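Hi everyone, thanks for making time.

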Amino acid sequence: MKNEKVFRTKTGFCHILPDRILLTRDGVKGNVANAAVGKSITGVLIIYGGIAAFLLFSAFQSFQKGEIPIAVVYSIVGLFLVYGIFKSLNNSATPIIQRDKIKSVKFKKAILVITRSRFEVVFEEDGAIKKRIIMLPGIMGNGQNETEKARKMMIEEKLLNE
């Protein structure tokens, strides 16, 4: 395609086109992501909700039995999952983002060994403000070079102000 810029992501490629951003999935990681998430994160959030409910119920039972240390651990992990669910409610897994609907793009630098670099694209979808996270390759996938390449493309396309 003409005027297309492409960079690698964790599960495939990001194509920056004049009118839209297109995310494609490729290879084994992409197939797993398609099977697990598809185009909606609702299923994943429901699974996390079930796990959180189980952990909080286990914490309650452990507390009743006097097993305080394990009850605290279950509570912390369960509440962390609940926090993550609420934080992710406005996330989107859409593969196509219209450029005229984009409100902002932020770059989040990786924390070595803990997180990956990523772009957080805030955009309008069906009248609601959503956030699409574009995860970049990790350290094992030449992540530092790919991240710099992706940042330069986003800046050149005037999507990222840095």
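Reading from the N terminus, the elements go β-β-β-α-α-α-β-β-β-β-α.

A quick word on where this comes from. It's a predicted model, where local features need pLDDT of at least 70 and side-chain atom pairs count only at pLDDT 80 or more, while totals for chains, interfaces and linings use all residues. Residues are numbered from 1 along each chain as its sequence is written, and side-chain values use heavy atoms, with hydrogens and water left out.

Okay, the sheet. In general, strands of a sheet pair through backbone hydrogen bonds, either parallel or antiparallel. For us, two strands pair if DSSP finds at least two bridges between them. What order do the strands take in the open sheet of four? The order is 1-2-3-4, and the pairing is antiparallel. Strand 1 and strand 4 sit at the edges, each pairing on one side only. On average, neighbouring strands of this sheet are turned by 15° against each other, direction ignored. For that angle, axes are lines fitted to C-alpha atoms, for helices over the stretch in contact, and angles run from 0 to 180 degrees between N-to-C directions.

Now let's go across it pair by pair. Strand 1 and strand 2 run antiparallel and are joined by four bridges; here R8 stands opposite F13 in strand 2. Next, strand 2, residues 12-16, pairs with strand 3, residues 20-25, in the antiparallel sense over five bridges. G12, for instance, has R25 in strand 3 as its bridge partner. These two strands form a hairpin, with three residues between them. Finally, strand 3 pairs with strand 4, residues 96-98, over three bridges, again in the antiparallel sense. There you'll find I21 opposite I97 in strand 4.

On to charges. A salt bridge here is a side-chain nitrogen of Lys or Arg within 4 Å of a carboxyl oxygen of Asp or Glu. How many salt bridges does this rule give? The count comes to eight.

E146 lies in helix 4 and R8 in strand 1 (residues 5-8), so the pair ties together parts that are 138 residues apart in sequence. Are these two buried or exposed? We call a residue buried under 20% relative accessible area, exposed over 50%, and partly exposed in between (1.4 Å probe, protein chains only). E146 counts as buried at 11% relative accessibility, and R8 counts as partly exposed at 30%. For the whole protein of 162 residues, 33% count as buried.

Another salt bridge joins E124 and K103, with the closest N and O atoms 3.6 Å apart. E124 is in strand 6 (residues 118-125) and K103 in strand 5 (residues 102-108), so this pair ties together parts 21 residues apart in sequence. E124 is partly exposed, with a relative accessible area of 28%. R118 and E120 also meet through their side chains, at 3.4 Å from N to O, and E120 counts as buried at 12% relative accessibility. Then there's a network of salt bridges linking K5, R99, E156 and E157.

Most residues other than glycine have a negative phi, and most peptide bonds are trans. Which way does D126 go, positive or negative? D126 has a positive phi of about 55°, although it is not a glycine. You'll find D126 in the loop between strand 6 and strand 7 (128-135), and it is exposed, with a relative accessible area of 81%. K158 also has a positive phi, near 60°, and is a residue other than glycine. K158 is in the segment after helix 4 and is exposed, with a relative accessible area of 70%.

That's my tour, so over to you for questions.
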